[in-house]
Amino acid sequence: MKYNYCPLCGEKLIIKDSWDEGGVPYCPKDDVMYFDTPKPCVVVAVIKDNEILLLKQSYIFKDSKVLVSGYVTNGETVEDTVYREVKEETGITVGEIKYLGSEYLPSKEILMLTFMAKYIEGEIKKSDEVEWVEWGKIEDALCEMHEDEIGKNIVRKVLKEIGYRGDKAYRCELRSF
Ligand SMILES: [Zn+2]
């Protein structure tokens, strides 16, 4: 996010040279530089044998199921965010977190850090911000997440990670050959 005024004191920011970064908005009164940084968030595919944890949140996608996601809170590591968001939204405890790469969402300036994590324990106990959460067959996930392109990318990576060999999981994909 680009700032023109200081969010702390309201003064108009000046541009200060910052070595490699070039000119950066700066408040001389508070001595703070406002770098144009994205908002980091995590997206997690929780796996239990051949099942995956899917959510329904109509404010994100009307007809698609999605993966667990949430913003990184200041003061925690992204791994902390993964444990916390899965626990808060679904009641499930996860472990063996594996980073699967990042995706950038320009329209919302969101940097999505994507993960897979293994189910450790707990029964599904959804939070109020989630409409619906269930275990689904991982082979059906790509069909059920048709609106969620980033989520589907994560599922494709998970299928590779678990050594999935079949064709069934990809039956809803548009083939370009
Ligand atoms: Zn200021």
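Colleague: How far apart do the C-alpha centres of domain 1 and domain 2 lie?
Modeller: In this predicted model, those two centres lie 35 Å apart. Domain 1 covers residues 1-36, and domain 2 covers 39-164.

Colleague: Which residues does UniProt give to the feature "domain: Nudix hydrolase"?
Modeller: The UniProt record, an unreviewed entry, places that feature at residues 37-156. In the model, this span is 21% helix and 42% strand, and its end C-alpha atoms lie 28 Å apart.

Colleague: Now the strands. What makes β2 and β3 a pair?
Modeller: Two strands count as paired if at least two bridges are found between them. Strand β2 (residues 22-27) and β3 have 2 bridges, so they meet that cut-off. They run in the antiparallel sense, and C27 stands opposite V32 in β3.

Colleague: What is the strand order in the open sheet of 3 strands?
Modeller: The order is β1-β2-β3, with antiparallel pairing.

Colleague: And why are β1 and β3 called edge strands?
Modeller: β1 (14-18) and β3 (32-33) each have a single partner strand, so one side of each is left without a neighbour in the sheet.

Colleague: How do you know that β5 pairs with both β4 and β9?
Modeller: Strand β4 (residues 39-48) is joined to β5 (residues 51-56) by 2 bridges, while 6 bridges join β5 to β9 (residues 132-137). Both pairings therefore count, and both are antiparallel. Look at I52: its bridge partner is I47, and I52 also stands opposite G136 in β9.

Colleague: What sits between β4 and β5 in their hairpin?
Modeller: There are 2 residues between the strands, and in this hairpin D49 takes a positive phi near 50°.

Notes
Residues are numbered from 1 along each chain as its sequence is written. This is a predicted model: local features need pLDDT of at least 70, side-chain atom pairs count only at pLDDT 80 or more; totals for chains, interfaces and linings use all residues. Domain bounds come from an automatic or database domain assignment. UniProt positions are given in the numbering used here, feature names are shortened, and annotations may be inferred rather than shown by experiment. Helices (H or I, at least four residues) and strands (E, at least two) are DSSP runs, numbered from the N terminus.
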